[in-house]
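Have the viewer open as you read.

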Amino acid sequence: MSRTKRAAVGLAAALVSVGAIAAIALWPGGEGAAGRGGVQASLAVSAALGSGDLAGFARAMAPRPFSFPADHGPHAEFRTEWWYYTGNLETSAGRHFGFQLTFFRTALASPAAVAATRASAWSASQLYLAHFALTDTAGRRFHARSRLSRDALGLAGARAIPFHVWTEDWSAESEAASGLPVRLRAGEGDVAIDLVLASDKPAVLQGDRGLSRKGPEPGNASYYYSLSRMSARGTVRAGGESHPVSGLAWMDREWSTSALGPDLVGWDWLALQLDDGRDLMVYRLRRRDGAADAHSAGALIAGDGATGPLALGDVTLDALDHWTSPRSGVRYPSRWRLTIPGSALDLEITPRLADQELIVGPRYWEGAVRVEGTAAGRPIAGRGYVELVGYGE
Amino acid sequence: MRRQLARIAVRHLGRHPWQLGLTVLGIALGVAVAVSIDLANESARRAFSLATVAVTGRATHQIVGGPSGLLDDFYRVLKVELGVRLAAPVLSGDVAAVDRPGRTFTVLGVDPFAEAPFRPYLSDESGGAGSSAPGAAAGERREPPPRDRLSTVAALVTRPGAVLVARPTAGELGLAVGDRLAVRAAGIRRELTVVGLLDPGDLASARALDGLLVTDIASAQEIFGAAGRLGRIDLIASDDAAGRALLERIARALPPGADLVTAGARAGTTAQMIRAFQWNLTALSLLALVVGMFLIYQTMTFSVVQRRPLIGALRALGVTRAEIFALVMTEAALIGAVGTAAGLALGLGLARGLLGLVTRTINDLYFVLSVRDVDLDPLALAKGVLLGVGATLAAALAPALEATGAPPRVVMSRGALETTMRRMVTRVTWLGLGLLAAGAGILALPGGIAGGFAGLFVLMVGSALVAPAAALGLLRLLQPAAAAAFGTLGRLATRGIVAAFSRTSVAIAALMIAMSAAIGVGIMIASFREAVVSWLEGTLRADIYVSAPSLVGNRPDATLEPALVARLAATPGVARAGTSRGVLVPGPGGPVQVVALDVDPARPPRWRFREGSADAVWAEGGEAAIVSEPYANRRGARVGDAVRLRTDRGERDFRVGGVFYDYGSSAGVVVMSRRTYDRSWDDRKISGVAIEASPGVDLGTLMAELRARAAGDQEIVVRSNRALREASLAIFDRTFAITGVLRTLTVAVAFIGMLAALMALQLERAREIAVLRTLGLTPRQVWGLVTAETGLMGLLAGLLAVPGGLMLAGILVFVINRRSFGWTMPIDPSPAILLQGVVLSVLAAVLAGLYPAWRMARALPADALRDE
């Protein structure tokens, strides 16, 4: 190789390198970690903002007269309120579905603390959260969804006349001035309900004429009434099909500002409808040490609506089995024996599905149950809903 | 053996500390420039991307409104009537801190209750910090969001002006929960209250959240005076049939003027613009490195030639060619490594300085960005290492191959080498001509910015290769003149350059490239500035301009209250008040900047038109518009075509009446009359007012009167024609400040190259000089000879840089600018810049030759001769 040739080769190589170098220099840089994985941060909570500030809210101190349909509507002067619909439905072929549709109202600030006039229509002092769950017993599927919106711009809200409570596209609504019958509509993706509920019994005022005390401290109580037996009719969509269904539903209405004392960790709540026309509601407030609180209570509602209150000592409730959630790892009681010696009731309560755990925001178990047992020695069956709150905390 | 060779390499390097030091410095500077630009770019880009991620979140699509935003009722329609679950309203904008001049924030207005799927860091379900609050309201589990966390969100929603700030930002500003922060949004003062702190999960998130004020959508509407309006609605749609069906359903329900776009489409457009700007910087930074490569090539060639006898002897001792090659490459690698290491350190420092300039320009032109620290991007550093060492090795390849050619034991005279060299010049020239043709070919092909720069680089290298031959030719022309001027010394000087052409040619070529760059960039900037000046003259025809303060230099995103405008127009002394309104309008090909002007038809802006005219625009009726050159270039619009825009009355076509030269927006603008605009949009807002004073009215008094009329209402910017023109040019000059810095750095590298070359050359010529001294040349004459030689080299490089610079300027103006920014301008090859380039070249060379000349002149002839 001649010298010049060699030098020329070297020069050519150098030129190619210049190109390569330019290519390297212009190579786009790597995306930042945040470019791929999203921004990570958490909201620090400041105690200075007065968590659990009760000032400015009304308290449930004494029994009050209930007036319908007005009391079907919201009570904004209390901090918390809910419309709680649960029910067991069946197709004509006997396929079972359980449903839960709940609207929670939470005050973001006391009415007094909210700025009177704001330019933006988004300004709001109430927040609505809705939970919808469908138990597809035959399909062995449990679906749970939620909605969350402020009471502004018509995104969510509640009113008494005509009755309407809604959170985005889910609603409970009545065209009648009395607020009954009520139409429930909720759904997402391939699960939905569209039901009309009529009440078969008058409203049951729970506790002391509707004042349900949850602790010794005055004001740790709620106003609480139920429509314990509502006949339901409509359609359930599940698994890509629409099913005409009918069955029985239960509505619980409760509003309060502060209900539970600090020594309580949660509750077990049962609402059962027996085939003999009687309905039974029992809640057991659980103390930190696992024992039932003295303010646990219930009611046995006769076929004609006559209500007999139940106290802690009137009821025994034993868990026969447990189920551990594969998702949360929380262990829930899962089958119960409930006896009310005073009424000669001895019932075994079995979940339709073991897994009816909702993890849509807060975590709890709320599911359709089957009831079998004896009433005064004679076999009896029924259906209902059980709610388990505060497990695994 | 290998160890001994390595020792030879090290010892040789050690024996020429000057040479070594300058080469290392040259590489270091080249690497530093490239790395610093890369780091600064990368930091700005990441800040941008983080800022985008922070506000875009996980949205896949967005519904964007027309000029006046989206009516917020459409959000209710989406959620309640259409049952769209994953939708979140957003209203964001920029505000300036009142008490901290220069500090800006992005206010991100969201609905915290819709945020969880979009920006989980804002939701109350992201877990972590909040759950630690000890057993607060443990029993209230039936009401879902835990009370403690909710209380912060509740405060955010229910308190007007409540904001969340990232903890590091709060710490830096000395803000705690409960503190107030006064800001100005479009000039109107708003009081904000910090109600909560966001704890970033990692460093990247901390950067993303820096400068972000998260607020409730209600507060955002109040801060920006936009009650009833949303900036956009974010959506998440799955990439499957269901997702597409959802989008379809939403698209059918869209109100007129709104548009459904993929998320980040807007940010993407902005990112593209910024990227074009950054490409230009990167290319300029590479120029310094390429000049640095010449320096390395020169040093290595010099060291090889100097040691030809030694290499010959080594070969005779049985050292193989491969080992010789390795020896030279090892030396190069050592120099490269040291230079690169120094370059990285220098680059980091330089990046801190350049980052400010880069960010400033981005803020002026594109996006409010706060970048306050250089991101030590490992990739950029790795690229720097690869560039530095790679460039050194590449430049050393030719000398290394050359060294292997030394035959055993034969000591080749330099004279023979020079003969070979001159033969080689011919080949190199042909190669250079080939490259020039190839470069022209690349530029002729349609290609993006990358193609433009590829062509530019090939042309630059080509001209560097042609430079030696051209220099010889020039020298021949100059010889008589030099002889006439300086007599024998002049003749000696020209001969000296030719005699040592293997050395001098490289130095001349390197200097020529650097000076071409200086001249080319200089002409480009001057032409650009000239074009901008005449454009401003045509555009700014009124006496006084009023606008709301905007945070992006050239973007009129803030508006004036219509009542205020009416009050200003009624001020005594105002003969006419024309208004302008600049908005972003969704269009099929992405957002389009539309400017609606209410101007006196008798005194329209005097723009220069590339084609067509504005007659149809100012005439009554008709849906006519004119488009700026960048718009026409980017979207291929021509006179007679239609621009389709999504208006509040649905999609409408606007006929293009003309294409005008515009340097205000590199995205391009569509200009129409206010009447035309009002027929299609329900937007009554005004971005700026142009006021013509009645004859005889004192402008200063009138401006004071205008300010007084706005006092207490909205902070407004009132500027005279001249002040606005000066402000515009100040932005222009700021934009090009970084270009100027890069240009200077490139010349600095070339200067070092020149110094190194001359040092080597003069040291090598010690004997020759000694002979001249014994022949009676005085030290003063020696000094003169050497200086004449170096000056002549500088002159050659400078003269050759004139055509090179003109070529570069042409490419920058007609190819790079057009492809990067969409605009072109008449090229203005001012003789002053050309002359300046030549003078600078001569000065650089003479300066570089001062020290070698001084040493030569002082050397004792006897010492030099005794070495024989």
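Which residues does W122(A) touch, not counting residues up to four places away in sequence? They are A152(A), L153(A), I217(B), A218(B) and Q221(B), where a contact requires the C-beta atoms, placed from the backbone, to lie within 7 Å.

Before going further, a word on ground rules. This is a predicted model, in which local features need pLDDT of at least 70 and side-chain atom pairs count only at pLDDT 80 or more, while totals for chains, interfaces and linings use all residues. Residues are numbered from 1 along each chain as its sequence is written, with chains lettered from A and ligands numbered from 1 in the order in which they are written.

**The two chains**

Chain A has two helices and 24 strands, and chain B has 26 helices and 21 strands. Helices (H or I, at least four residues) and strands (E, at least two) are DSSP runs numbered from the N terminus. Of the 393 residues of chain A, 50% count as buried; for the 868 residues of chain B the figure is 56%. Buried here means that 20 or more other C-beta atoms lie within 10 Å of the residue's own, exposed means 12 or fewer, and partly exposed is in between, with C-beta atoms placed from the backbone. If you take the contacts in chain B between residues at least 6 apart in sequence, 83% join residues at least 24 apart. In chain A, residues 24 or more positions apart account for 56% of the contacts with a separation of 6 or more.

**Loops of chain A**

Back to W122(A), which sits in the loop between β3 (96-107) and β4 (126-136) of chain A. W122(A) counts as buried because 27 other C-beta atoms lie within 10 Å. Its C-alpha is separated by 53 Å from that of G373(A), 251 residues apart along the chain.

| Feature | Value | Loop in chain A |
|---|---|---|
| cis peptide bond F68(A) to P69(A) | omega near 10° | P69(A): between β1 (41-44) and β2 (80-90) |
| cis peptide bond L180(A) to P181(A) | omega about -5° | P181(A): between β8 (170-173) and β9 (182-188) |
| positive phi, E168(A) | phi about 55° | E168(A): between β7 (164-167) and β8 |
| positive phi, A344(A) | phi about 55° | A344(A): between β20 (331-340) and β21 (345-351) |

E168(A) is not a glycine, yet has that positive phi, and A344(A) is not a glycine either. Are they buried or exposed? E168(A) is buried because it has 25 C-beta neighbours inside 10 Å, whereas A344(A) is exposed, with 12 other C-beta atoms within 10 Å.

**Helices of chain B**

Now for chain B, starting with helix α15 (residues 501-539). Its 39 residues should span 57 Å at 1.5 Å a residue, and its end C-alpha atoms are 54 Å apart, which agrees; the expected span is 1.5 Å times one less than the number of residues. α15(B) is mostly covered, with 31 of its 39 residues buried.

One partner of α15(B) is helix α21 (residues 721-735) of chain B, packed at an angle of about 155° with the axes 11 Å apart. Axes are lines fitted to C-alpha atoms, for helices over the stretch in contact, and angles run from 0 to 180 degrees between N-to-C directions.

Helix α20 (residues 699-710) of chain B has twelve residues and reaches 17 Å from its first C-alpha to its last, close to the expected 16 Å. Which of its residues are buried? They are L702(B), M703(B), L706(B) and A710(B). Seen down the axis, these fall within an arc of 100°, so they line one face of α20(B); the arc is that of the directions from the helix axis to the C-beta atoms. An α-helix has 3.6 residues a turn, so residues three or four places apart point the same way. The buried residues of α20(B) pack against β12 (544-547), α16 (562-569), β20 (688-693) and β21 (717-720) of chain B. Turned away from that side are the exposed G700(B), T701(B), A704(B) and A708(B).

Note on methods
Two residues are in contact if their C-beta atoms, placed from the backbone, lie within 7 Å.
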